[in-house]
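Hi,

Here is the structure I promised to pass along.

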Amino acid sequence: RRLSLLLPASMSSSSTRTPESVVADADALARKVAAIRAAGAAKLQVIADFDGTLTRYWYDGCRGQSSHALLRQGNEEFDAKREELFEHYHPIEINPDILLPEKAKLMEEWWGKSHGLLIEGGLTREAINKSVADAPIAFRDGVVELFEFLEARDIPVLVFSAGLADVIEEVFRQKLHRSFKNIKIVSNRMVFNEEGRLVAFKGKTIHVLNKNEHSLDMAAPVDNSPEDPNGSTEDYSLVKKRTNVLLLGDHIGDLGMSDGLNYENRIAAGFLNTNIEKSLKDYSEAFDIVYLDDAPMWGVVELVSDLC
Ligand code: TMP
């Protein structure tokens with residue numbers, strides 16, 4: 001692919017590109033890297049989206065599944081109803097012609113109905129565990145090494161998702177085979193009864209268009225519930241003091257994850273997994289560095305090793 005043909009004419013003279021990544025303004029990125037490095041690891045935090053960012057977009061030639069999509073309730077009627085909701089609302093989610101306030105209302109409606117079906121259908125922990133074991137989902141190569149690098153330097157990682165916290169935690173458990181004390185998951189969290197059946201969701205719903213309104217939730221104290229596989233120990237009110245941010249996302253809307261954090265420097269790294277020709281201009285303007293074609297995490301590993 002001739003990337004030079006795809007890049008916006010307005011890009012800085014310091015733009016760089018490799019087959020795997022594009023940097024629209026390499027000088028600006030270098031300045032941010034230098035500032036973050038000078039401030040030290042104690043000032044840095046990482047905020048990452050989950051689906052399509054930490055996980056691969058493609059899995060064995062098929063779309064990797066999201067934490068919502070992989071879930072099988074063990075009740076075909078309810079699985080089919082959630083699938084019907086997806087068929088109806090997903091085209092709305094990706095339709096650029098629907099105005100944001102209207103779209104946000106519809107997304108709220110989708111999440112509400114979907115969560116309602118999971119409760120009504122009596123989702124169990126067992127069904128979550130089995131769904132994850134059967135699912136086509138995998139972390140990008142290099143994610144474990146990234147987490148290890150950050151853990152060794154006590155740099156917190158906040159995984160921020162409009163998906164399902166309990167499913168994401170199970171993916172961590174089953175696919176990483178180890179826990180990380182520096183990782184906290186902020187997502188829609190389930191409440192189970194004594195028999196292990198879902199009875200409610202905690203707090204306000206996080207959907208794709210209101211992540212920014214929840215960014216401060218990340219600074220809340222950690223819920224060290226016994227089932228939290230990561231058992232995070234960082235006092236998350238301290239993350240407010242970590243004023244340098246490395247943000248990882250796969251949608252331009254993911255940039256809202258750092259709203260409300262009064263950061264001094266932010267490096268935004270974006271994964272552009274699909275529609276590259278159509279979206280590269282917008283992505284390269286929005287993100288400091290764009291990784292193309294469902295790239296592995298090695299580029300980010302290299303980037304953080306320049307930061308601390
Ligand atoms: P995120 O993980 O990137 O924050 O987004 C969550 C995705 O979940 C979003 O693209 C829509 C999808 N989704 C489903 O597949 N099924 C559902 O029932 C719901 C509510 C969302």
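Which residues in α5 meet which residues in α8? Please keep in mind that this is a predicted model as you look. On the α5 side they are E145, L146, F149 and L150, and on the α8 side W298, V300, V301, V304 and S305. Sorted by class, that contact has 7 nonpolar residues, 1 polar and 1 charged.

Helix α5 covers residues 143-152 and helix α8 covers residues 298-307; their axes come within 9 Å and cross at roughly 15°. An angle under 35 degrees counts as roughly parallel, and α5 and α8 are therefore roughly parallel to each other. The crossing of α5 past α8 is left-handed.

Next come α2 and α3. Helix α2 (residues 76-93) packs against helix α3 (residues 100-120) at an angle of about 170°, and the axes are 10 Å apart. Angles over 145 degrees count as roughly antiparallel, so α2 and α3 are roughly antiparallel to each other. From α2, the contact draws on F78, K81, R82, L85, F86, Y89, H90, I92 and E93. Their partners in α3 are K103, L106, M107, E109, W110, K113, S114, L117, L118 and E120. By class, the contact of α2 with α3 comprises 10 nonpolar, 2 polar and 7 charged residues.

Helix α4 spans residues 125-134 and helix α6 spans residues 165-176, with axes that come within 9 Å and cross at roughly 50°. That angle makes α4 oblique to α6. Here α4 passes α6 in a right-handed crossing. In α4, the residues involved are R125, I128, N129, V132 and A133, which meet D166, V167, E170, V171, Q174 and K175 in α6. This contact has 5 nonpolar, 2 polar and 4 charged residues.

In the side chain of E93, an N or O atom is 2.8 Å from an oxygen atom of the ligand. For S161, a side-chain N or O atom is 3.3 Å from a ligand oxygen atom. A polar side-chain atom of D49 lies 3.5 Å from an oxygen atom of the ligand.

Best wishes

Conventions. Residues numbered from 1 in each chain as written. Predicted model: local features only at pLDDT ≥ 70, side-chain atom pairs only at ≥ 80, totals over all residues. Heavy atoms only, no water. Axes fitted to C-alpha atoms, helices over the stretch in contact; angles between N-to-C directions. Helix = DSSP H or I, 4+ residues; strand = E, 2+ residues; numbered from the N terminus. Parallel < 35°, antiparallel > 145°, perpendicular 65-115°, else oblique. Left-handed = near helix turned anticlockwise from the far one by under 90°. Contact = heavy atoms within 4.5 Å. Nonpolar A, V, L, I, M, F, W, Y, C, P; charged D, E, K, R; others polar. Polar contact = N/O pair within 3.5 Å; in protein donor to acceptor, adjacent residues only side chain to side chain.
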